[in-house]
Amino acid sequence: MQRRQFLGLSVSALAAGMVAGCTPRRGMHDAIASGSSDSRESVNTWHASRRFIGTRFGDIAYADRGSGPAALFLHGFPLNSFQWRGALDRLSPHRRCIAPDSLGLGYTHVAQGVNITPATQVQMLTAFLDALSIRDVDLIASDSGGAVAQLFLTHHPDRVRTVLLTNCDVESDCPPPAVVPVIELAKKGRFADEWLAPWVADKTLARSDKGLGGMTFTYPQRLADETIDMYLRPLVQSPQRKALTNAYAVGLAPNPLAGTASLLKQSQVPARIIWGTGDTIFSQADAAYLDHALPRSQGVRRIEGAKLFFPEEFPDVIAEEARTLWSV
């Protein structure tokens with residue numbers, strides 16, 4: 001029942017997003033063709049290049065590519081920094097690209113007693129950047145990472161040069177209805193066991209319309225077994241990690257963005273929104289909300305048919321929009 005609810009976000013919202021302003025279908029295919037399928041070698045290379053830095057929130061796992069002014073990449077749930085590998089490859093000639101694993105996800109080791117919420121993620125990121133001696137950043141964020149990005153922007157406006165957001169929470173839609181069943185299951189301590197563990201055990205199921213792939217990826221058949229393991233295996237590898245995974249989901253409610261609208265309207269940070277019209281989690285209206293809420297928004301680019309985690313599938317789109325926003 002929960003999975004059907006997860007997939008049941010309004011068809012009318014999808015239809016509304018597929019009108020004027022969408023990227024042509026051919027452009028979408030061109031964008032995805034630029035990505036590369038993951039091999040065991042590429043996954044092993046990512047694992048080998050992972051770094052850790054200690055904070056009071058734990059040892060934060062992160063990727064670090066390039067040099068110069070820093071760009072901070074915030075991933076979605078239940079992914080980790082591996083989501084941004086294609087964008088990092090393309091943008092590291094222009095920025096020092098930093099992509100941490102959030103508390104409770106990926107390969108970050110969470111300190112005992114840390115309460116995992118979007119607000120705590122902001123505190124962790126502040127400590128993380130301080131530990132790396134990074135003063136300010138260009139923010140790029142997706143999904144629940146987009147909620148964290150908005151909180152970071154409103155709490156530390158002087159530390160953000162630009163912000164690029166893809167499909168994500170907004171104050172008026174947080175958490176979105178499709179995620180509520182996940183949160184309720186996590187409150188019972190069952191989400192990691194009942195959803196994620198079966199996907200790790202059965203990669204075909206994970207790529208199906210009842211799995212992570214079909215729910216959130218435009219081309220789930222392209223998801224390699226190694227990619228699924230990279231994201232999900234650490235989240236179910238022990239009772240302690242399952243508890244942290246459930247805690248991440250529980251932390252998405254009540255609305256962590258409550259009260260941010262007036263603060264966003266004060267922002268003087270240049271912003272750009274890229275929105276996949278095939279997303280069944282976040283409403284198409286959420287893109288317009290962000291465009292209206294951020295005074296220096298440079299508008300919305302809609303990607304026809306693209307689902308929630310399209311930034312992984314279309315890294316050229318992310319790189320193109322980031323370079324334009326950064327004027328490089």
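The following legends describe close-up views of a predicted model.

**View 1. Packing of helix α8 against helix α13.** Helix α8 (residues 180-187) packs with helix α13 (residues 239-250) at an angle of about 135°, their axes lying 8 Å apart. The two helices are therefore oblique to each other, and α8 passes α13 in a left-handed crossing. From α8, the residues Val182, Ile183, Ala186 and Lys187 meet Asn246, Ala249 and Val250 of α13. Of the residues in this contact, five are nonpolar, one is polar and one is charged.

**View 2. The buried residues of helix α9.** In helix α9 (residues 191-201), the buried residues are Phe191, Ala192, Trp195, Leu196, Trp199 and Val200. They span an arc of only 125° around the axis and therefore fall on the same side of α9. An α-helix has 3.6 residues a turn, so residues three or four places apart point the same way.

View 3. The bond from phenylalanine 77 to proline 78 is cis, with omega near 10°; proline 78 lies in the loop between β4 (70-74) and α5 (85-91). The bond from cysteine 174 to proline 175 is also cis, with omega near -5°, and proline 175 is found in the loop between β8 (160-168) and α8.

**View 4. Positive phi at serine 133 and aspartate 143.** Most residues other than glycine have a negative phi. Serine 133, in the loop between α6 (118-131) and β7 (137-143), has a positive phi of about 60°. Serine 133 is exposed, with a relative accessible area of 68%. Aspartate 143, placed in strand β7, has a positive phi near 55°. Aspartate 143 is buried, with a relative accessible area of 6%.

Notes: Residues are numbered from 1 along each chain as its sequence is written. This is a predicted model: local features need pLDDT of at least 70, side-chain atom pairs count only at pLDDT 80 or more; totals for chains, interfaces and linings use all residues. Side-chain values use heavy atoms; hydrogens and water are left out. Axes are lines fitted to C-alpha atoms, for helices over the stretch in contact, and angles run from 0 to 180 degrees between N-to-C directions. Helices (H or I, at least four residues) and strands (E, at least two) are DSSP runs, numbered from the N terminus. Angles under 35 degrees count as roughly parallel, over 145 as roughly antiparallel, 65 to 115 as roughly perpendicular and the rest as oblique. A crossing is left-handed if the near helix is turned anticlockwise from the far one by less than a right angle, and right-handed if clockwise. Contact means heavy atoms within 4.5 Å. Ala, Val, Leu, Ile, Met, Phe, Trp, Tyr, Cys and Pro count as nonpolar, Asp, Glu, Lys and Arg as charged, and the others, Gly among them, as polar. Buried means under 20% relative accessible area, exposed over 50%, partly exposed in between (1.4 Å probe, protein chains only). The arc is that of the directions from the helix axis to the C-beta atoms.
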